[in-house]
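This report describes the architecture of one protein chain for a reader working from coordinates. The sequence and structure follow.

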Amino acid sequence: MSFQSILGNFALILFVLTIGTGIVWFLDMFVLSKQRRAAADKALAELGTRQARLASEGIKVDQVDRAELEAKILRQPVWVEYSGSFFPVIALVFFLRSFLYEPFKIPSSSMLPTLYVGDLILVNKFEYGIRLPVINKKVIELNNPKRGDVMVFKYPVDPTVDYIKRVVGVPGDKVVYRNKRLLINGQPLSYQTMPDFLDEEHLNYSRQLTENLNGVSHRILNDDRAPAFVNDPFNFPKRENCSYDNEGFSCVVPEGHYFMMGDNRDNSLDSRYWGFVPDQNIVGKAFFIWMNLGNIKRIGSFH
C-alpha cells in the first residue's frame with residue numbers, strides 16, 4: 001500500500017489514531033498516574049519530614065503550599081493529556097463510522113437524477129452484515145443487497161476508491177441491456193416517460209424515465225446522443241460471463257458478486273465497463289442525504 005493510498009484511507013488513519021491514543025490512555029490510567037501518585041506522596045512525605053526536622057532545630061521553615069506541590073507533580077504531561085482527551089472522541093467516531101453509519105460526498109453526476117454532485121449522504125454499514133474495519137471482512141451475516149438498492153463499494157479496479165451505484169443484478173441473475181432498456185432473467189423492466197431533465201452543471205437536457213426495478217421505482221436518465229453499445233469494456237475478472245454487441249450487452253452475475261449501474265445511464269462508468277463487484281468490496285447501503293451546501297432542499301431520504 002502506497003503512502004498516498006494510506007493518506008486516502010480515513011478508516012486506517014482513524015484506526016491507528018484510536019490504537020495510539022488508546023494505548024496512551026490505558027498506560028496513564030493504570031501505570032503513569034500511579035507513578036505520579038507515588039512520586040507526589042514521596043515528595044510530600046519528604047517535605048513534612050524536612051519541615052519537622054528544621055522546626056525541631058529552631059530553624060525558620062519556609063512556607064510551601066503542599067496542595068500546589070502535589071498538583072504540580074500529579075499534572076499529566078502535555079502529550080498524555082491531549083491523548084487522553086482525544087481518545088474517547090476518536091474511538092466513538094471510529095466505532096460509529098465502522099459499524100453504524102459513514103458519511104460520503106457524491107463526487108460525480110453518474111447517479112443523477114437520484115443523487116447530485118455535492119450531496120452529503122449517510123451509508124448504513126450494518127445493513128449487509130457486520131464487517132471488521134480497515135480489512136472489510138464480514139464476520140456476521142445479516143441481509144444481502146437487493147436489486148434497486150443504492151450501494152457504496154470499493155471500486156474493483158482500485159479498492160482505495162469508493163464508488164456508489166445502484167444494484168441491478170444479484171448472484172445468478174442474467175442482466176440484459178438492449179437499446180437502453182433492462183431485462184432481468186428474461187423479464188423486461190417497466191418504464192414511464194417523464195419530462196426531460198436539465199443538468200444544471202453541464203447545461204444540457206437528458207431524457208428522463210421512471211424505472212421499476214424489483215419493486216423499487218426510481219428515475220433514470222438517457223442521453224439520445226449516446227449509443228446503446230458499451231464502448232471498450234475492460235478485461236475484468238469473469239469477463240467470460242458477458243457478451244457485447246451493437247445493441248448492448250448480456251451478463252450472468254457470478255456467485256458472490258453484484259452488477260452495478262449508475263442512474264445516469266449514458267454517463268456512468270459502471271459494471272458494464274469494469275465488471276462485477278465482489279461481496280468483500282461492499283461498504284454499505286446509501287439511504288439519506290443529510291446536507292448539500294448548495295441546496296438544502298436536497299436533504300432527505302431517497303430510493
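## The annotated domain

In this predicted model, residues 80-291 are 12% helix and 43% strand. The end C-alpha atoms of residues 80-291 lie 36 Å apart. According to UniProt, in an unreviewed entry, residues 80-291 carry the feature "domain: Peptidase S26".

An open sheet is built from five strands in the order 9-8-7-14-13, with antiparallel pairing. Strand 9 (187-188) and strand 13 (242-245) are its edge strands, each pairing on one side only. In general, the strands of a sheet are joined through backbone hydrogen bonds, in either a parallel or an antiparallel manner.

Within this sheet, strand 7 (residues 174-178) and strand 14 (residues 248-252) are linked by five bridges in the antiparallel sense. Val-176 stands opposite Ser-250 of strand 14.

Eight bridges connect strand 10 with strand 11 (residues 204-213) in the antiparallel sense. Across this pair, Leu-198 faces Tyr-205 of strand 11.

## Transmembrane annotation and helix 4

The unreviewed UniProt entry places the feature "transmembrane region" at residues 6-27 and 79-100. Over residues 79-100 the chain is 100% helix and 0% strand, and the end C-alpha atoms of this segment are 30 Å apart.

How do helix 2 and helix 4 pack? Helix 2 (residues 10-56) and helix 4 (residues 78-100) have axes 7 Å apart and an angle of about 135° between them. Helix 2 is therefore oblique to helix 4, since an angle counts as roughly antiparallel over 145 degrees. The crossing of helix 2 past helix 4 is left-handed. The residues in the contact of helix 2 with helix 4 comprise 16 nonpolar, five polar and two charged.

## Helix 2 against helix 3

Helix 2 also packs with helix 3 (residues 66-74): the two axes come within 8 Å and cross at roughly 150°. This angle makes helix 2 roughly antiparallel to helix 3, because the threshold for that class is over 145 degrees. The crossing of helix 2 and helix 3 is right-handed.

On the helix 2 side, the contact is made by Arg-36, Arg-37, Ala-39, Ala-40, Ala-43, Leu-44, Leu-47 and Gly-48. Helix 3 contributes Arg-66, Leu-69, Glu-70, Ile-73 and Leu-74. Sorted by class, the contact of helix 2 with helix 3 contains eight nonpolar, one polar and four charged residues.

## Backbone exceptions

Most residues other than glycine have a negative phi, and most peptide bonds are trans. Which residues are joined by a cis peptide bond? The bond between Leu-112 and Pro-113 is cis, with omega of about 5°. Pro-113 belongs to the loop between strand 1 (101-105) and strand 2 (120-124).

Lys-180 has a positive phi of about 65°, although it is not a glycine. Lys-180 is located in the loop between strand 7 and strand 8 (181-184).

Conventions: Residues are numbered from 1 along each chain as its sequence is written. This is a predicted model: local features need pLDDT of at least 70, side-chain atom pairs count only at pLDDT 80 or more; totals for chains, interfaces and linings use all residues. Side-chain values use heavy atoms; hydrogens and water are left out. Axes are lines fitted to C-alpha atoms, for helices over the stretch in contact, and angles run from 0 to 180 degrees between N-to-C directions. Helices (H or I, at least four residues) and strands (E, at least two) are DSSP runs, numbered from the N terminus. Angles under 35 degrees count as roughly parallel, over 145 as roughly antiparallel, 65 to 115 as roughly perpendicular and the rest as oblique. A crossing is left-handed if the near helix is turned anticlockwise from the far one by less than a right angle, and right-handed if clockwise. Ala, Val, Leu, Ile, Met, Phe, Trp, Tyr, Cys and Pro count as nonpolar, Asp, Glu, Lys and Arg as charged, and the others, Gly among them, as polar. UniProt positions are given in the numbering used here, feature names are shortened, and annotations may be inferred rather than shown by experiment. Two strands pair if DSSP finds at least two bridges between them. Contact means heavy atoms within 4.5 Å.
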